[in-house]
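Here is a short tour for a first look. Keep the sequence and the model side by side as you read.

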Amino acid sequence: MSITAVGFGAWAIGGPDWAVGWGQQDDRQSVIAIRHAIDRGINWIDTAAIYGLGHSEEIVAQALREIPADRRPYVFTKCGLVWDEADRLAPPRQVGARDSIRREIEASLKRLGIERIDLYQMHWPAEDGTPIEDYWQTLLDLKQEGKVRAVGLSNHSVAQLEAAERIGHVDTLQPPFSAIRRDTAAELLPWCEAHGTGMIVYSPMQAGLLSGRFTAERAAALPKDDWRSRNPLFQGEALERNLKLAEAFSPIAERHGTTVAAAAVAWTLAWPGVTGAIVGARTPSQVDGWLDAATLSLTPEDMASIARAIEETGAGSGPAKPERG
């Protein structure tokens, strides 16, 4: 698959009333936002069964329903997080059992209204006692059977990647990566580049902190059903440092005639080995706000400027700039 540098992230559109929801969403606007992204050239959508406890996949299906087959984007989704229907707010269980994954993929195919998933990813390492070799073999079997085109891991370590690779090739890895959360660049990125594993990063704007539109007042006003209201990155000194770092993207965005959001996403894409970035949106205007990242090339001077801002603000952790670029 040849994917665009940025893809539509469908986490937030899952809505409220689950452990890591983004608060109340407008489903109609979500559908419009997805179709707008496709109209603007985005050719892949990343979702997961757990997002809204199936609701995000259902919204993606609604968005795809009236799109001709030859214009439909690739659909990526994930397995391995199992929820309790009787307690929607309970943290999901991280399950790798073969029977569970097979039930999950059938449920996802039904919700999405498709016959094959383009990329199927294990969302988090299993905590039910299933070895990685076992659940990775299950995903490889699904690929062999034609239920999925490619298989990947999300939120896994280098040691876990090594264990999986010995069984069968890891097509992709999906880790968090932004100018605030940079640890991915230390070991995971070099490993993926060395092994021909595509790296599709998530939260390149750090859940809005690097959008250029976030403020301390907005953080304080986040509703209780928005997971960010409980996240340390949105509180106290960490929030101050993160917003100062966001400000450092402003002159770079101005020089390139674009937005802070696009510049922040482009920063992740500037690292050698990064294949694509998942960027969330809930309205067409939000899509337009970061779409430039797909074609924006930051200069070495831009990257050095952000590296200095990282050092000066003390925001986040991990390498501040690529060793080569």
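## Helix α2 and its cover

This is a predicted model. Start with what lies over the buried residues of helix α2: the cover includes helix α1 (27-39), strand β2 (44-46), strand β3 (74-79) and helix α3. Helix α2 is mostly covered, with seven of its 10 residues buried. Those residues are Ser-56, Glu-57, Ile-59, Val-60, Ala-61, Ala-63 and Leu-64.

## α2 against α3

Helix α2 spans residues 55-64, and helix α3 spans residues 98-112. Their axes are 7 Å apart, and the two helices pack at an angle of about 40 degrees. On the α2 side, the contact is made by Glu-57, Glu-58, Val-60 and Ala-61. On the α3 side, Ser-108, Arg-111 and Leu-112 take part. What is the make-up of this contact, in nonpolar, polar and charged residues? Three are nonpolar, one is polar and three are charged.

## α5 against α6

Now turn to helix α5 (residues 158-167) and helix α6 (residues 188-195). Their axes come within 10 Å and cross at roughly 20 degrees. An angle under 35 degrees counts as roughly parallel, so α5 and α6 are roughly parallel to each other. Their crossing is right-handed. Helix α5 brings Val-158, Leu-161, Glu-162 and Glu-165 to the contact. Helix α6 brings Leu-188, Trp-191 and His-195. Four of the contact residues are nonpolar, one is polar and two are charged.

Within α5, the residues Val-158, Leu-161, Ala-163 and Ala-164 are buried. Their cover includes helix α4 (132-145), strand β7 (148-154), strand β8 (172-174) and helix α6.

## Ser-154 in strand β7

Strand β7 holds Ser-154. Is this residue buried or exposed? Ser-154 has a relative accessible area of 0%, so it is buried. Its side chain makes a polar contact of 3.1 Å with the side chain of Asn-155. A polar atom of the Ser-154 side chain also lies 3.5 Å from the backbone oxygen of His-123.

Sequence neighbours within four places aside, Ser-154 is in contact with Met-122, His-123, Trp-124, Pro-125, Leu-173, Gln-174 and Tyr-202.

Ser-178 sits in the loop between β8 and α6. Its relative accessibility is 0%, so Ser-178 counts as buried. Its side chain meets that of Gln-206 in a polar contact of 2.8 Å. Apart from neighbours within four places in sequence, Ser-178 is in contact with Ser-203, Pro-204, Gln-206, Leu-210, Trp-267 and Thr-268.

Two of these partners deserve a look at their backbone. Most residues other than glycine have a negative phi. Ser-203 is not a glycine, yet it has a positive phi of about 55 degrees. Gln-206 is not a glycine either, and its phi is positive at about 50 degrees. Ser-203 lies in the loop between β9 (198-201) and α7 (216-220). Gln-206 is placed in the loop between β9 and α7. Buried means under 20% relative accessible area. At 16%, Ser-203 therefore counts as buried. At 5%, Gln-206 therefore counts as buried.

## Gly-7 in strand β1

Gly-7 belongs to strand β1 (residues 6-9). With a relative accessible area of 0%, Gly-7 is buried. Which residues does Gly-7 touch, not counting residues up to four places away in sequence? They are Ile-42, Trp-44, Ala-277, Ile-278, Val-279 and Trp-290. Gly-7 and Ala-185 are 178 residues apart in sequence, and their C-alpha atoms are 20 Å apart in space.

## His-36 in helix α1

His-36 is part of helix α1. Its relative accessible area is 21%, so His-36 is partly exposed. Residues up to four places away in sequence aside, His-36 touches Pro-284, Val-287 and Asp-288. How many residues separate His-36 and Val-287 in sequence? They are 251 residues apart in sequence, but 7.7 Å apart in space from C-alpha to C-alpha.

Definitions and conventions
Residues are numbered from 1 along each chain as its sequence is written. This is a predicted model: local features need pLDDT of at least 70, side-chain atom pairs count only at pLDDT 80 or more; totals for chains, interfaces and linings use all residues. Side-chain values use heavy atoms; hydrogens and water are left out. Axes are lines fitted to C-alpha atoms, for helices over the stretch in contact, and angles run from 0 to 180 degrees between N-to-C directions. Helices (H or I, at least four residues) and strands (E, at least two) are DSSP runs, numbered from the N terminus. Angles under 35 degrees count as roughly parallel, over 145 as roughly antiparallel, 65 to 115 as roughly perpendicular and the rest as oblique. A crossing is left-handed if the near helix is turned anticlockwise from the far one by less than a right angle, and right-handed if clockwise. Contact means heavy atoms within 4.5 Å. Ala, Val, Leu, Ile, Met, Phe, Trp, Tyr, Cys and Pro count as nonpolar, Asp, Glu, Lys and Arg as charged, and the others, Gly among them, as polar. Buried means under 20% relative accessible area, exposed over 50%, partly exposed in between (1.4 Å probe, protein chains only). A polar contact is a pair of N or O atoms within 3.5 Å; within protein, one must be able to donate a hydrogen and the other to accept it, and residues adjacent in sequence count only if both atoms are side-chain atoms.
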